[in-house]
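Dear colleague,

I am passing on the structure below, together with notes on what turned up when I went through it. Please read them with the model open beside you.

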Amino acid sequence: MATLSPEQTGTRAAAGLAVLCTAHFLIGADGLAVAIALPSVQQDLGVPALDAQWLLSAYGSAFAGTLLLGGRAGDLYGRRRLLVLGMALFAGGSLAAGVAPGLVPLIAARLVQGLGAAAAVPAALALISSVFPPGRGRTRALSLLGAMATVGIMSGLVVGGLVTDLVGWRWVFLLTAAPAVAAAVSAARVLPEARAAERGSGPPDVAGAVLLAAGLMSFVLGVTRAAPDGFAAAGALVPLVAGAVLLAGFVLRERRAREPLVRFRILRLGRLRAASLGIGVNALAFTSIVYVGTQYLQNVQGYSALRAGMALLPIDVAAFLVALLAGGPLARRSPRAALSGAFVLTASALLWLARVPVPADYPTDLMAPLVVLGAALSAIFVVATHEAVADAPPDERGLASGVFETANHLFGGALGAAAYATVLATAAGTAQDPGGYRAAFLVATALVVVLGLPAAVQAGGRRSATPENPAPWR
């Protein structure tokens with residue numbers, strides 16, 4: 001792996017870090033910007049919410065299903081090459097989404113964006129070690145990379161709402177394309193190439209990634225079809241069974257592949273299981289705000305897209321402050337105790353939001369639980385990130401991080417949005433009767449309780465050392 005000498009880490013290192021931060025910022029901003037624009041997309045294209053949620057689920061399925069493939073391909077063929085390819089795909093998907101004539105091509109464009117993000121994210125994180133040698137400089141660079149992802153998320157709420165209100169939802173995608181192209185071009189010019197695997201290593205398991213992504217999308221389709229048809233109907237049952245078969249095929253494939261995406265023995269590590277389940281709970285809770293909260297504010301409370309984005313901003317501000325100020329204290333506490341307390345706060349905040357009063361008093365009915373939720377979710381992320389590699393062997397920490405990040409996007413963008421959209425469609429929440437939104441928040445609360453308990457139990461009883469390469473909070 002090529003590492004720049006101390007004399008070369010000046011201007012070129014700063015330029016390289018700027019490119020990596022730009023990539024993380026764009027991918028971080030994308031999810032919430034699209035979620036804020038979703039009601040406008042539904043209205044403009046004349047599609048039901050259950051179909052429009054595929055803009056989130058398709059992206060999440062592609063991202064989660066190919067994230068491990070992206071990391072492996074970067075190791076084999078070059079991380080700079082994968083970053084350039086990923087940002088180019090992301091830019092192409094953004095342009096295609098901005099001019100899409102209907103929902104189906106728009107969903108296809110989101111799939112391309114998800115594939116691009118899956119190539120770019122692991123490459124960007126790994127390239128930090130190529131630009132900065134071990135030490136304080138690398139630590140600062142990783143912190144800045146995480147901060148830019150968080151700033152991107154916060155900006156996505158506001159910028160997505162502003163752009164949607166002023167010029168329309170299509171520009172949420174179109175305005176992303178130019179900086180993504182600039183990041184791809186700049187990466188090719190200023191970043192060093194790096195790869196970790198020997199050239200003689202076998203090719204990445206593309207077939208395994210296809211099975212995983214197809215299985216996820218088939219399962220999501222079955223969940224969403226249950227709203228109009230019921231789970232026993234063919235429209236829901238067939239894709240659910242097909243998804244289960246495809247995912248079982250993925251497991252069999254990985255057990256026999258020469259170079260598997262996942263070596264399943266790593267799942268024997270209890271603290272990695274706890275971290276992955278914990279980050280999944282975190283993603284499910286956050287997605288309830290991204291999807292259900294956005295719909296509630298715009299469809300029930302009558303907020304504009306910009307006002308809805310501003311209304312949800314406290315969750316990210318609280319999360320950012322906790323990650324900035326409480327990371328050290330949290331790392332010194334028992335992971336089991338910290339996760340248990342954070343899950344209790346998360347469930348309490350979601351129950352608070354499940355009241356969905358009409359009209360709502362913003363400071364007490366919305367802002368207060370959002371602040372609590374942001375602080376709790378950030379604490380879960382910090383602790384889970386530490387736990388993910390706490391008992392992983394040094395040569396398998398990259399795989400452990402990949403499993404952890406896959407769980408994050410799998411539970412959030414892929415499954416969470418589909419589950420909540422199905423609840424909303426089944427319970428038929430309206431401005432006059434917001435029962436569907438209440439039901440969705442109650443489902444989110446139940447998921448936190450049911451899944452959070454085993455995550456906390458499996459976590460370490462003693463504090464774990466802070467990993468060298470912590471991931472951004474979201």
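In which helix is Thr 406 found? Thr 406 is found in helix α15, residues 397-427, where helices (H or I, at least four residues) and strands (E, at least two) are DSSP runs numbered from the N terminus.

Before going further, please note that this is a predicted model, in which local features need pLDDT of at least 70 and side-chain atom pairs count only at pLDDT 80 or more, while totals for chains, interfaces and linings use all residues. Residues are numbered from 1 along each chain as its sequence is written, and side-chain values use heavy atoms, with hydrogens and water left out.

A polar atom of the Thr 406 side chain lies 2.8 Å from the backbone oxygen of Gly 402.

Two helices

Helix α13 (residues 335-353) has 19 residues and reaches 27 Å from its first C-alpha to its last, close to the 27 Å expected at 1.5 Å a residue, the expected span being 1.5 Å times one less than the number of residues. Its buried residues include Leu 339, Phe 343, Leu 350 and Leu 353. Seen down the axis of α13, the buried residues fall within an arc of 165°, so they line one face of the helix; the arc is that of the directions from the helix axis to the C-beta atoms.

Helix α4 (residues 79-98) has 20 residues, which should span 28 Å at 1.5 Å a residue, and this agrees with its end C-alpha atoms, which are 28 Å apart. Among the buried residues of α4 are Arg 79, Leu 83, Met 87, Phe 90 and Ser 94. Viewed down the axis of α4, the buried residues fall within an arc of 165°, so they line one face of this helix. As background, an α-helix has 3.6 residues a turn, so residues three or four places apart point the same way.

Val 356 is found in the loop between α13 and α14, and its phi is near 30°, a positive value in a residue other than glycine. Val 356 counts as buried because its relative accessibility is 2%. Pro 359 lies in the loop between α13 and α14 (362-388), and a cis peptide bond joins Val 358 and Pro 359, with omega about -5°.

Ala 180 has its place in helix α7 and is buried, with a relative accessible area of 0%. The C-alpha atoms of Ala 180 and Leu 89 are separated by 9.0 Å, although these residues are 91 residues apart along the chain.

Trp 171 also has its place in α7, but at 40% relative accessibility Trp 171 counts as partly exposed. Together with Leu 162, Leu 166, Val 167 and Leu 175, Trp 171 forms a nonpolar patch on the surface, with about 500 Å² of accessible area together. Such patches are made of residues with over 30% relative accessible area and no salt bridge, like charges being joined within 9 Å and nonpolar side chains (Val, Leu, Ile, Met, Phe, Trp, Tyr) within 5 Å; the areas come from the Shrake-Rupley method with a 1.4 Å probe, and for residues only the protein chains shown count as cover. Helices α6 (136-167) and α7 (170-190) each supply at least two residues of the patch, and α6 gives the most, with three residues.

Salt bridges

Taking a salt bridge as a side-chain nitrogen of Lys or Arg within 4 Å of a carboxyl oxygen of Asp or Glu, the count comes to six. One of them joins the side chains of Arg 72 and Glu 259 (3.0 Å, N to O); Arg 72 lies in helix α3 (residues 54-77) and Glu 259 in the loop between α9 (234-256) and α10 (270-300), so the pair ties together parts that are 187 residues apart in sequence. Arg 72 is buried at 17% relative accessibility, whereas Glu 259 is partly exposed at 25%.

Another salt bridge is formed by Arg 271 and Glu 387, whose closest N and O atoms are 2.8 Å apart. Arg 271 lies in helix α10 and Glu 387 in helix α14, so this pair ties together parts that are 116 residues apart in sequence. Glu 387 is buried, with a relative accessible area of 1%.

With best regards

Methods:
Buried means under 20% relative accessible area, exposed over 50%, partly exposed in between (1.4 Å probe, protein chains only). A polar contact is a pair of N or O atoms within 3.5 Å; within protein, one must be able to donate a hydrogen and the other to accept it, and residues adjacent in sequence count only if both atoms are side-chain atoms.
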